[in-house]
Amino acid sequence: MKYIYLIIIAFSIHIYTTAQQPSISLNGRWNFFASNTQTEYEVLANYQIHWDRITVPGNWDVMDKYATYVGKGYYQREFEVPVSWKGRQVYIKFDAVYQTSKVWVNGKQLGEHIGGYTPFEYNISDIVNYDKPNTVLVMADNSYKRGAWWAWGGISRDVSLNVSNDVRMIYQHITAIPDFDANSVKFIFKYKLENNSCKNYKGRIISKTSDKSDPIITKISLDGHQTKTEEVTFENKLSDYELWDFDNPKLYTLNSKLEIKGKVFGSLSNQFGIRKLEARGEQLFLNNKVVRMNGINRIHDHPLYGNTEPDQLVKQDMLDIKSMGCNFARLMHAPLSKNLLNLCDSIGFLIIEEIPVWGNDDPQSFPDNPLTEKWLKEMIERDYNHPCVVGWSVGNELRDSLPNWGKKLLTSAQHDYIVSMLDYIDILDTTRLKTYVSLTCYSEGVNYSNEPIDKVDLICLNSYGNSPQAVRTTHENFPGKPIFLSEVGLNQIGPAPDAMLQDRLIRYMNEMKTYPYLVGISYWCYNDYRSNYKGTPESGFREWGVVDEQRKPKTAYQQLKEIYKNWNQ
């Protein structure tokens, strides 16, 4: 029997702002040691180790001493666990470590995580001390590299200690889809629950949104050591809500508490928006209105901060990008930082997120790849509630390595990889657009048998040549679907302040605004970025940006701003 039901309560409850379970930050100064010759066991034993000091979150590559170091970096620090946490479930959580990591606490290896941009955690309840300090050691290896962006090494996002009761809510996913014909909003609250004890539990989740609607109560039942999801579905009047869009990014909050036998076992609080982005024929509709949206790509890169994305940099960049007339992009070839997504939620910037599978030699591009499925699942589970995220992409510019440009096609393995990953999105999230970014959809000899366009909601393509021709050819090859030019450019434009867009590119971009099936374009890119990819100038920064790596604007900045202004007229 499934214990889910709905109760409408006609009085106000004020406890829903209860904070999530306590958390202790482990950010700050850590010991650091870089070596590809010392064994892990020697580092654990502190054998002939001379520790440096480093800031977490951070990247070792921003330090002159380790600016070009590639390989294993070891992080170490002590921490204390409050005595009041004894008898509860204690976790150590990493929001991102690039790329392969191993973690030890008090000398015991907890596990290995592969993937540099998504969070992971370990339960350390049985191995921590409450009467003396504990030691954590992290190995981060940045040898794995994709694309032209710099493979910044280290613990690049927050580290925290978290505590919960035996039963906890891991996440709550909020779906709020408007039905314009029925004047209703369909809500689905999905809770993932975990029981870390051998006992069976029954209880309830009480959820309250920040509007004036009544609380929702979901009855739950968990067997010992069980992890499961529960859902509750209901509808309210659409006219009682404001929609989220790029002009009015209205946000609501869902506060939920898990209650068992009158005791609060935990709580969660998440923001969400009510909006609907859908593909109909060759157009995109946002909240039942046709939209054409342009953008610019942004690389998580800065000489001082690496890819750690401090709040002030994220805010500066995204508000500047929005001021240029941009409101839609697949910003980066990897899962984005939480603070960037939060900001995009608040300013109304729409995003397609992507996992880092890229190019003609990507070793991950084979069907039913468990690692890329893991990356996709971690990204979607983390970012599900963000209204700014309107689509998922499973890869960028996959193609064979043999024929000349203009004749490149997907290999059979790449084709089947895309198909299997798009199918996997259907398991994880059916509420957003699904896509991949193609360089082959306008190649000679392409067709539905070797390019899985029938599996996508939105065709995304990149072009660094005759982009109008690439877009027209794609439409001729695969009519009936909207097209987004997810990257457009011709070549690196040079350093600040005088670098300009080529007249030919300006002409191309202005010409394409007349194509009714093209829903937008995104210029590559906003900022210059560190790289050791072929063709990088002696400066060490690829000079594609309309601002340089320090965010100094180029002449191209005003040129692009004028192009997008004309698009919207």
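The legends below describe several close-up views of one predicted model.

The model is predicted, so local features need pLDDT of at least 70 and side-chain atom pairs count only at pLDDT 80 or more, while totals for chains, interfaces and linings use all residues. Residues are numbered from 1 along each chain as its sequence is written, and side-chain values use heavy atoms, with hydrogens and water left out.

**View 1. The largest nonpolar core and another core apart from it.**
A nonpolar core is a set of buried Ala, Val, Leu, Ile, Met, Phe, Trp, Tyr and Cys residues joined through side-chain atoms within 4.5 Å, where buried means under 20% relative accessible area, exposed means over 50%, and partly exposed lies in between (1.4 Å probe, protein chains only). In this model the largest such core has 105 residues, and those with the most contacts inside it are Met 318, Phe 349, Tyr 523, Val 546 and Leu 560. Helix H5, which spans residues 412-428, gives this core its largest share, 7 residues. Another core, of 31 residues, lies apart from it and has Tyr 66, Tyr 75, Val 136 and Ala 140 among its members. In soluble globular proteins, nonpolar side chains tend to be buried together.

**View 2. The crossing of helices H4 and H5.**
Helices (H or I, at least four residues) and strands (E, at least two) are DSSP runs, numbered from the N terminus. Two packed helices are described by the angle between their axes and the distance between the axes. The axes of helix H4 (residues 370-383) and H5 come within 11 Å and cross at roughly 35 degrees; such axes are lines fitted to C-alpha atoms, for helices over the stretch in contact, and angles run from 0 to 180 degrees between N-to-C directions. H4 passes H5 in a right-handed crossing, a term used if the near helix is turned clockwise from the far one by less than a right angle. On the H4 side the contact (heavy atoms within 4.5 Å) is made by Thr 372, Glu 373, Leu 376, Lys 377 and Ile 380, and on the H5 side by Tyr 417, Met 421, Tyr 424, Ile 425 and Leu 428.

**View 3. An open sheet of 6 strands.**
The strands follow the order S3-S2-S4-S10-S7-S8, and their pairing is antiparallel; two strands pair if DSSP finds at least two bridges between them. Strand S3 (52-56) and strand S8 (108-114) stand at the edges, and each has a single partner strand, so one side of each is left without a neighbour in the sheet. From one strand to the next, the twist averages 25 degrees. Strand S2 (residues 28-34) is joined to strand S4 (residues 72-79) by 4 bridges, and here Ala 34 stands opposite Gly 73, while Asn 31 stands opposite Gln 76. S4 is also joined by 8 bridges to strand S10 (residues 134-141), again running antiparallel, and in S10 the bridge partner of Gln 76 is Leu 137.

**View 4. Thr 308 and Glu 309 in the loop between S23 and H2.**
Thr 308 is placed in the loop between strand S23 (295-296) and helix H2 (311-323), and it is buried, with a relative accessible area of 16%. A polar atom of the Thr 308 side chain lies 2.7 Å from the backbone oxygen of Tyr 305. Leaving aside neighbours within four places in sequence, Thr 308 is in contact with Pro 57, Gly 58, Asn 59 and Ser 156. Glu 309 has a phi near 60 degrees, a positive value in a residue other than glycine, and at 6% relative accessibility Glu 309 counts as buried.

Technical notes: Polar contact = N/O pair within 3.5 Å; in protein donor to acceptor, adjacent residues only side chain to side chain.
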